[in-house]
Amino acid sequence: MSALFTPIRLRDLEVRNRVWVSPMCQYSAHHGVPDDWHLVHLGSFARGGAGLVFTEATAVVPEGRISPEDTGIWNDEQQAAWTRIAAFVRDRGATPGMQLAHAGRKASTRAPWLGRGPVPDDAGGWRPVAPSALAFPGLRDDPRALEHDEVAALPDAFAAATRRAVEAGFEAVEVHAAHGYLLHTFLSPLSNRREDEYGGSFEGRTRLLLDVVRAVRGALGEARPVAVRLSATEWTDGGWTVEDSVKLAPLLTEAGADLVDCSSGGNVADATIPVGPGYQVELARRVRADGGIRTGAVGMITEPEQAEQIVADGSADVVLLARALLRNPHWAFAAAHELGVPVGGGVDWPDQYLRAVPS
Ligand SMILES: Cc1cc2nc3c(=O)[nH]c(=O)nc-3n(C[C@H](O)[C@H](O)[C@H](O)COP(=O)(O)O)c2cc1C
């Protein structure tokens, strides 16, 4: 029996295995509308046997995109385009999930292959918003602190996006509160210097995220799961810590979240991060053991035995893979074979490919 290829039940949803596709921006949409690139990109992971396929960070409002080419879900055209993609993923037996995001002070940034620098207004960029007027080094230097009323309106934007995601056929939602984007910057005392109810104490800094999770839960109904991606530590003195993540976990559960996807970093430009195989797994283990919530482990998980071990020893409930899946969208097939999982045992080869099953 493989732990990795054992289905997992979250609320009314059963996901066929625990190899999940980590969200990956493609910087390839026009006006926020995903196209054939996104269909083939996400569809290949579903065809390749993954359990749950998360979309890239998909913006809930136009100014919440990282790059002008990010996908969105604030209008009918975007929703219709996502419907086709979600249907393909579902037809392949995988679960379509959408990561909902607001880029905050990291908005209006060029794609990595264009240098990641700021996009000026006259090249299609815009002035980013943030909890406080503090820029992230190397990105737009003019973020504007959100007014109190604007912060209070954000949960509604996430709720509206959630309703559209459900109508488009997505069966799970992940709230992106990691990597220095808007919701993360509210959590961290390094980027949140507000003096109103959304800043200051732990309670103040976590208020917006908890309001967003409650709003997403309300829009999603009770049957489908909500995940929250956290940067579970900022690896920086004076920043958000794994103890903070553990303390937040039961509050997230109470607000309606079912799983914390434990990433790290992204809010401090010069943090020293101990990057290496499985370097964030310990964060998932801590949040799961001490925070009492299911977790996902992510980050340099590349080997089938490594992934199997993470789930089998209870460090996390699922693993999320990004670059290993870009290298091989059929990673789950190879992993199942290596772990001795028979065809049909949590990984479904398409009929069209059965002649290629290794013997
Ligand atoms: C091309 C690319 C795009 C990414 N875009 C996102 C994103 O949209 N949202 C997110 O939360 N993380 C994003 N990430 C981070 C991944 O989801 C993942 O956490 C990270 O790459 C570590 O996992 P890995 O070692 O398996 O690649 C991206 C990573 C890559 C490589």
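Colleague: How many residues of the shell around the ligand are nonpolar, how many polar and how many charged?

Modeller: The shell divides into 11 nonpolar, six polar and three charged residues. Nonpolar means Ala, Val, Leu, Ile, Met, Phe, Trp, Tyr, Cys or Pro; charged means Asp, Glu, Lys or Arg; the others, Gly among them, are polar. This is a predicted model: local features need pLDDT of at least 70 and side-chain atom pairs 80 or more, while totals for chains, interfaces and linings use all residues. Residue numbers start from 1 along each chain as its sequence is written.

Colleague: What surrounds the ligand, and which residues are closest?

Modeller: There are 20 residues around the ligand. The closest are Ser 22, Pro 23, Ala 57, Ala 322 and Arg 323. Strand 4 (52–59) and helix 9 (323–327) each give at least two residues to the shell. Helices (H or I, at least four residues) and strands (E, at least two) are DSSP runs, numbered from the N terminus.

Colleague: Why is strand 8 called largely enclosed?

Modeller: Six of the six residues of strand 8 (residues 172–177) are buried, so the rest of the structure largely encloses it. Buried means 20 or more other C-beta atoms within 10 Å; exposed means 12 or fewer, and partly exposed is in between. Ala 172, Glu 174 and His 176 point one way from strand 8, and Val 173, Val 175 and Ala 177 the other way. In a regular strand the side chains alternate between the two faces of the sheet.

Colleague: How do you know that strand 8 pairs with strand 9?

Modeller: Pairing needs at least two DSSP bridges. Strand 8 and strand 9 (residues 226–231) have five bridges and run parallel. In that pair, His 176 stands opposite Arg 229. Strand 5 (residues 95–101) also runs parallel to strand 8, with four bridges. There, Gly 97 has Ala 172 as its bridge partner.

Colleague: What makes helix 3 and helix 5 roughly parallel?

Modeller: Helix 3 (residues 148–168) and helix 5 (residues 202–220) pack at about 30°, with axes 8 Å apart. Roughly parallel means under 35 degrees, so these two helices qualify.

Terms used. A residue is near a molecule or strand if its C-beta atom, placed from the backbone, lies within 6 Å of it. Axes are lines fitted to C-alpha atoms, for helices over the stretch in contact, and angles run from 0 to 180 degrees between N-to-C directions. Angles under 35 degrees count as roughly parallel, over 145 as roughly antiparallel, 65 to 115 as roughly perpendicular and the rest as oblique.
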